[in-house]
Amino acid sequence: SFRWQVRRITHSRFRPARLEERFELALGGAEGAALVGRIDRIDLAEAEGRRWAMVIDYKRSAFALHPADVFYGLRLQLPGYLAAAVRAAAAGGSVWAGAAAMYVPLQPRPPRSGTEDELDGRFRAAGLAAEDAARFLLDTADGVGRAYQLGLNQGGGRSEARGGAYTRAEFDALLDRAWDLAGLAVREAREGTIRVHPYRRAKST
């Protein structure tokens with residue numbers, strides 16, 4: 001995992017900036033409630049006059065994220081972390097553009113050869129990324145999208161056959177959705193109306 005992470009850092013403009021970053025932010029629409037957490041890692045990149053932020057959450061094994069899981073409130077942690085990081089930066093007077101939110105496996109199946117290509121496959125990250133930040137995240141000469149399972153073609157645009165990268169409007173909408181649902185969960189818990197199983201995504205969707 002360490003070798004993979006070093007390889008990815010050398011092939012992108014992003015650099016680790018914060019580790020085990022704690023945040024505490026008030027939730028809109030839920031008076032007196034705050035979202036408190038700790039982000040495993042925040043990477044930052046400076047490009048085109050903007051500061052781009054990517055959050056990384058470490059998992060023991062491979063972990064995927066489907067946008068429907070975010071929309072229906074099944075998995076809010078990862079996009080919620082990035083939304084929190086951007087909001088916390090704004091509260092401190094900084095402007096960060098959300099770039100990506102990724103799960104990174106720490107203990108996948110043991111590698112056989114230990115080659116760079118095999119490491120990319122074993123430690124492949126997964127999550128959400130914005131198309132306008134992908135060119136800073138990926139090295140096109142190293143295989144566009146492969147290490148992050150992003151659906152990008154060689155021109156940097158989205159490949160509809162693969163998915164994983166989203167337009168800026170789509171990406172920001174997912175982050176806002178995660179944040180809003182966190183506040184909604186608090187309100188429903190207070191009112192005693194929270195739904196235990198609000199939605200279940202079928203394997204075919």
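Colleague: Two strands are taken as paired if DSSP finds at least two bridges between them. What kind of model is this?

Modeller: This is a predicted model, in which local features need pLDDT of at least 70 and side-chain atom pairs count only at pLDDT 80 or more, while totals for chains, interfaces and linings use all residues. Residues are numbered from 1 along each chain as its sequence is written, and side-chain values use heavy atoms, with hydrogens and water left out.

Colleague: How many helices and strands are there?

Modeller: The protein chain has six helices and six strands, defined as DSSP runs numbered from the N terminus (helices: H or I, at least four residues; strands: E, at least two). From the N terminus, the order is α-β-β-β-α-α-β-α-β-α-β-α.

Colleague: How many bridges join β1 to β2?

Modeller: Strands β1 (residues 15–26) and β2 (residues 34–47) run antiparallel and are joined by 10 bridges. Within this pairing, glutamate 24 has valine 36 of β2 as its bridge partner.

Colleague: And which residue stands opposite aspartate 43 in β3?

Modeller: That is methionine 54. Seven bridges pair β2 with β3 (residues 50–59), again in the antiparallel sense.

Colleague: Which residue of that hairpin takes a positive phi?

Modeller: Glutamate 48 does, with phi near 55°; two residues lie between the strands of this hairpin.

Colleague: Changing topic, what share of the chain is buried?

Modeller: Of its 205 residues, 43% are buried, meaning under 20% relative accessible area with a 1.4 Å probe, protein chains only.

Colleague: And what about contacts between residues 24 or more positions apart?

Modeller: Such residues make up 62% of the chain's contacts with a separation of 6 or more, a contact being heavy atoms within 4.5 Å.

Terms used: Buried < 20%, exposed > 50% of the residue type's maximum accessible area, 1.4 Å probe, protein only.
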